[in-house]
Amino acid sequence: MKANEIRSMSVEELQSKLVDLKKDLFMLRMQHATNHLDNPTKISATRRDIARVLTVLSEKKN
């Protein structure tokens, strides 16, 4: 997910996207723990997306 895409979203969309990303991260961690995760780089990519969303949310709140 690109930063430009995230900046074009509204605050409500960003908050719902953040919830979805956190659920995805939880599922990826569970799959990794049970050795069912095919691509472990998805975990770091999801963490980066969460950080991007949080950054844009804090920018929009100010």
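Trainee: Which residues of α2 are the buried ones?
Mentor: In this predicted model, whose local features need pLDDT of at least 70, the buried residues of α2 are Leu14, Leu18, Leu21, Leu25 and Leu28. Residues are numbered from 1 along each chain, and side-chain values use heavy atoms.

Trainee: What covers the buried residues of α2?
Mentor: The cover includes α1 (3–7) and α3, where a helix is a DSSP run of H or I with at least four residues, numbered from the N terminus.

Trainee: Why is Thr46 counted as buried?
Mentor: Buried means under 20% relative accessible area, exposed over 50% and partly exposed in between, with a 1.4 Å probe and protein chains only; Thr46 has 10% relative accessibility, and therefore counts as buried. Thr46 lies in helix α3 (residues 41–61), and, leaving aside neighbours within four places in sequence, Thr46 is in contact (heavy atoms within 4.5 Å) with Leu21, Asp24, Leu25 and Leu28.

Trainee: Why is Gln15 called partly exposed?
Mentor: Gln15, which lies in helix α2 (residues 11–33), has a relative accessible area of 37%, so Gln15 is partly exposed. Leaving aside neighbours within four places in sequence, Gln15 is in contact with Leu57 and Lys61, while the C-alpha atoms of Gln15 and Val53, 38 residues apart along the chain, are separated by 8.2 Å.

Trainee: How do you know what α2 should span?
Mentor: The expected span is 1.5 Å times one less than the number of residues, so the 23 residues of α2 should span 33 Å, and the end C-alpha atoms of α2 are 33 Å apart, which agrees.

Definitions and conventions. This is a predicted model: local features need pLDDT of at least 70, side-chain atom pairs count only at pLDDT 80 or more; totals for chains, interfaces and linings use all residues. Helices (H or I, at least four residues) and strands (E, at least two) are DSSP runs, numbered from the N terminus.
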